[in-house]
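Please keep the sequence and the three-dimensional view at hand while reading.

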Amino acid sequence: MTPVPPAADLAGPSVVPASGDRRRHPAPAHLVFFHGPMDCGKSTLALQVDHNHTRQGRHGLLLTQGDRSGTPQISSRVGLRREAVELDGDTDLRLLVRDRWAAGHRVDYLIVDEAQFLTGAQVEQLAELVDTSHVDVYAFGLTTDFRTRLFPGTQRLFELADDVQRVQVEVLCWCGLPGLLNARVVDGAMVREGATVVVADTAPAPLAGAEADPGGAAVRYQVLCRGHYSRGQLEPTPTGPGQLSLR
């Protein structure tokens, strides 16, 4: 008599894919957006996410635009940095990934730093890569510009991302309240008008390679609470906060 194979064998090979195998058995990918004010640790988190995925054997592509270092890299104020591909407004992110594939390189995920500078069309390209090519996208960017307006890239990411998370590292205003808004400081005074994009750091002096103000003035950014942003107050007054000057 011919032995009857176990029922499990009749079903053929297992259809459960190996962990992380999305090429033969596509699994849902995600577009995740992390946002916050300057100094909240977005770039540090971006490099940590990349490190964690790399440890699991995944292959990523790091992208940036207008990094504070003035070079094509993702750099953190705590000293971490990695080389990255520099984007501009004309970069088609779908073609960028497909060219990597055509050259024989795996791209399982994208790390996009300074995502506030993306165009709306580029955010839509990221969403297409997630939905049709099963590439995970982790974007990191500022919430608002120095006028307290959403950047175009940030707005489109709010609209399309599967998951939007505010970076939890608390940034403080000089008064001790949570810092929410990015103030642009030109020659020591806060300004509310000017070009949307002027690359500089939060240090008192601009970094080498950073974009200067059109007039050649020293430019930096300072994170303020809503109240002190509204008043344009960058530091305590001699009489102290909330006190009247008496003569």
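## Basis and overall composition

This is a predicted model, in which local features need pLDDT of at least 70 and side-chain atom pairs count only at pLDDT 80 or more, while totals for chains, interfaces and linings use all residues. Residues are numbered from 1 along each chain as its sequence is written, and side-chain values use heavy atoms, with hydrogens and water left out.

The protein chain contains 6 helices and 11 strands; helices (H or I, at least four residues) and strands (E, at least two) are DSSP runs, numbered from the N terminus. Of its 247 residues, 42% are buried, where buried means under 20% relative accessible area, exposed over 50% and partly exposed in between, with a 1.4 Å probe and protein chains only. Among contacts between residues at least 6 apart in sequence, 71% join residues at least 24 apart; contact means heavy atoms within 4.5 Å.

## The sheet around β9

An open sheet is formed by 3 strands in the order β10-β9-β11, with antiparallel pairing; two strands pair if DSSP finds at least two bridges between them. Strands β10 (189–191) and β11 (219–224) stand at the edges with a single partner strand each, so one side of each is left without a neighbour in the sheet. From one strand to the next, the twist averages 45°. Angles run from 0 to 180 degrees between N-to-C directions, and axes are lines fitted to C-alpha atoms, for helices over the stretch in contact.

Strand β9 (residues 181–186) is joined to β11 by 6 bridges and to β10 by 3 bridges. Towards β11, Ala183 stands opposite Gln222 and Asn182 opposite Val223. Towards β10, Val186 stands opposite Ala189. The hairpin of β9 and β10 has 2 residues between the strands, and Asp187 there takes a positive phi near 50°.

In a regular strand the side chains alternate between the two faces of the sheet. Both faces of β9 are covered: Leu181, Ala183 and Val185 are buried on one side, and Asn182, Arg184 and Val186 on the other.

## The helix pair α4 and α5

Helix α4 (residues 120–133) packs against helix α5 (residues 152–160) at an angle of about 35°, their axes being 8 Å apart. The crossing is right-handed, a term that applies if the near helix is turned clockwise from the far one by less than a right angle, and left-handed if anticlockwise.

Gly120, Val123, Glu124 and Ala127 in α4 meet Gly153, Arg156, Leu157 and Leu160 in α5. This contact has 4 nonpolar, 2 polar and 2 charged residues; Ala, Val, Leu, Ile, Met, Phe, Trp, Tyr, Cys and Pro count as nonpolar, Asp, Glu, Lys and Arg as charged, and the others, Gly among them, as polar.

## Two buried loop residues

Asp145 lies in the loop between β7 (136–142) and α5 and counts as buried because its relative accessibility is 3%. Its side chain makes a polar contact of 2.7 Å with that of Arg147. A polar contact is a pair of N or O atoms within 3.5 Å; within protein, one must be able to donate a hydrogen and the other to accept it, and residues adjacent in sequence count only if both atoms are side-chain atoms. Neighbours within four places in sequence aside, Asp145 is in contact with Phe151, Asn182 and Thr196.

Gln65 is placed in the loop between β2 (60–64) and β3 (73–75) and is buried, at a relative accessible area of 15%. Leaving aside neighbours within four places in sequence, the contacts of Gln65 include Glu86, Leu87, Asp113 and Phe117.
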